[in-house]
Amino acid sequence: MTNATIITDTLEQVAKRCGDPKERVFKRLYELDPKFEPLFVMDTDGGVRGSMLETSLNCMIGVAQGESQTPRLLIEAARMIHDGYGLTEDEVDFMFVAMRDVFRDVMAGDWTPEVDSEWTKLLAELATIRAET
């Protein structure tokens with residue numbers, strides 16, 4: 001299980017240092033795989049991206065805290081829904097990777113080996129969440 005305190009502390013520090021990381025996260029997502037950018041062409045006001053980031057953050061925190069099955073169910077549903085956009089289950093994880101990358105950049109020297117270890121564990125756990133077939 002992931003150390004939820006380290007994850008939430010990271011998120012709080014990122015918010016203090018850069019405010020809303022939405023633009024940075026989506027820029028990184030598009031760098032990871034350019035096919036994501038055209039999927040948001042109709043999101044002219046950023047509302048869809050903002051909602052997606054908020055949901056992703058809530059799921060990450062929820063999985064880290066392990067207090068509810070709801071975040072896991074939301075991730076399972078996201079994997080199925082995004083299939084309709086031509087994304088594989090593995091490609092859905094790029095959002096979490098983009099978030100981690102941006103947070104690491106924002107934290108700079110405060111991204112310690114311990115923090116990195118907890119984020120690595122969290123991303124590995126998120127990648128295992130799949131709908132049972």
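In the predicted model, Arg24, Val25, Phe26, Arg28, Leu29 and Leu32 of α2 are in contact (heavy atoms within 4.5 Å) with Phe94, Met95, Val97, Ala98, Met99, Asp101, Val102 and Val106 of α6. By class, this contact comprises eleven nonpolar, no polar and three charged residues. Local features need pLDDT of at least 70, and side-chain atom pairs count only at pLDDT 80 or more. Residues are numbered from 1 along each chain, and side-chain values use heavy atoms, with hydrogens and water left out.

The structure holds six aromatic pairs, that is, rings of Phe, Tyr or Trp (its six-membered ring) with centres within 6.5 Å. One of them joins Phe26 and Phe40, with 5.2 Å centre to centre and 75° between the planes; this pair is edge-to-face (planes over 60 degrees apart). Phe26 lies in helix α2 and Phe40 in the loop between α2 and α3 (47-65), so the pair ties together parts that are 14 residues apart in sequence. Phe26 is buried at 2% relative accessibility (buried means under 20% relative accessible area, with a 1.4 Å probe and protein chains only), and Phe40 is buried at 10%.

Phe36 belongs to the loop between α2 and α3 and Phe94 to helix α6, so parts 58 residues apart in sequence are tied together.

Note on methods
Helices (H or I, at least four residues) and strands (E, at least two) are DSSP runs, numbered from the N terminus. Ala, Val, Leu, Ile, Met, Phe, Trp, Tyr, Cys and Pro count as nonpolar, Asp, Glu, Lys and Arg as charged, and the others, Gly among them, as polar. Rings of Phe, Tyr and Trp (its six-membered ring) pair if their centres lie within 6.5 Å; planes under 30 degrees apart count as stacked, over 60 as edge-to-face and the rest as tilted. Buried means under 20% relative accessible area, exposed over 50%, partly exposed in between (1.4 Å probe, protein chains only).
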